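My notes follow in the order in which I made the checks.

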Amino acid sequence: MGQDEGYLLDNRQAEAGTRFDALAALFDASTFRHFERVGIDAGWRCWEVGAGGPSVAAWLRERVGPTGRVLATDIDVSWTGTAATEGVEVLRHDVGRDDPPPGPFDLVHARLVLVHVTERDAALRSMVRALRPGGVLLVEDADPALQPLICPDEYGPEQERANRLRAGFRELLRQRGADLSYGRRLPRLLREAGLVDVEADAYFPITSPACDVLEAATVRQVRDKLVAEGLATDDEIERHLANIAAGRLDLATSPMISAWGRRPDGDGSPPLL
């Protein structure tokens with residue numbers, strides 16, 4: 001795990017629910033657009049990896065209908081559990097260390113997961129193994145190194161402070177084994193894993209009320225660690241939170257890169273899209 005053990009953004013903290021709601025507001029539309037593109041239909045069996053909040057599993061349940069199956073897994077199901085309704089099974093599972101759950105699956109999806117998983121290569125292999133022939137893997141992950149600023153328009157001291165705190169947050173992630181340039185490698189990694197018809201794109205919110213909510217919740221969640229590591233002072237954090245609350249910052253996110261591909265059909269020939 002590196003210098004400091006454990007996942008930085010612990011699901012058991014109160015801010016986790018706020019973060020999941022903000023992430024859903026920011027990224028669900030893009031994720032669902034990719035689901036539509038790969039053609040999810042009634043009866044599909046879907047594995048939602050590192051589900052976090054319930055919104056993606058709920059959308060999948062509606063699409064696959066009563067004849068389909070949705071499995072939502074996470075290392076901590078504190079927030080995922082609300083998705084456990086008819087047609088959605090919630091299971092505690094570590095994708096980097098545990099065997100894949102019983103499948104096979106027509107779709108395996110992970111969003112903003114593997115960047116944090118130190119055993120990410122094993123996790124990717126596990127997800128590919130869980131696919132049926134012709135099944136689709138969709139991995140969506142951040143690339144903070146590709147666009148490291150939370151305020152791309154750094155025109156004043158408030159924006160400079162925000163970017164300095166963001167650099168501290170990235171350092172905390174790095175200490176815990178996060179790969180801050182993982183997203184850009186996804187197309188190659190999917191091809192190397194044996195998938196075909198690989199494509200990718202990126203989504204990059206520049207400013208949004210949900211970006212403000214996400215940043216405030218994230219800073220509150222890690223503020224003690226920022227201070228303890230000497231990466232920020234309490235005064236700097238309070239000023240930053242006040243600037244967010246006043247709406248004085250245009251806050252962006254790291255680019256979320258979405259890459260998808262299909263497991264070849266059983267005869268080894270590429271499946272048709």
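Is Cys-211 buried or exposed? I noted that Cys-211 is buried, at a relative accessible area of 3%, where buried means under 20% relative accessible area, exposed over 50%, and partly exposed in between, with a 1.4 Å probe and protein chains only.

Before going on I wrote down that this is a predicted model, in which local features need pLDDT of at least 70 and side-chain atom pairs count only at pLDDT 80 or more, while totals for chains, interfaces and linings use all residues. Residues are numbered from 1 along each chain as its sequence is written, and side-chain values use heavy atoms, with hydrogens and water left out.

I then searched for disulfides, taken as pairs of cysteine sulfur atoms within 2.5 Å, and the structure holds zero of them.

Entry on the sheet. I took helices (H or I, at least four residues) and strands (E, at least two) as DSSP runs numbered from the N terminus, and counted two strands as paired if DSSP finds at least two bridges between them. I found an open sheet of seven strands in the order 3-2-1-4-5-7-6, with mixed pairing. Strand 3 and strand 6 are its edge strands, each pairing on one side only. Neighbouring strands of this sheet are turned by 15° against each other on average, direction ignored; for such angles, axes are lines fitted to C-alpha atoms, for helices over the stretch in contact, and angles run from 0 to 180 degrees between N-to-C directions. Helix 3 packs on the sheet and touches strand 1, strand 4 and strand 5 (131-142), its direction making about 145° with that of strand 5, where contact means heavy atoms within 4.5 Å. Strand 1 (residues 45-49) and strand 2 (residues 69-74) run parallel and are joined by five bridges, and Cys-46 stands opposite Val-70 in strand 2.

Entry on the backbone. Most residues other than glycine have a negative phi, and most peptide bonds are trans. Against that background I noted that Leu-112, although not a glycine, has a positive phi of about 55°; Leu-112 lies in the loop between strand 4 and helix 3 (120-129) and is partly exposed at 21% relative accessibility. Asp-197, in strand 6 (residues 196-203), also has a positive phi of about 55°. The peptide bond from Gly-103 to Pro-104 is cis, with omega near -5°, and Pro-104 lies in the loop between strand 3 (88-92) and strand 4 (105-111).
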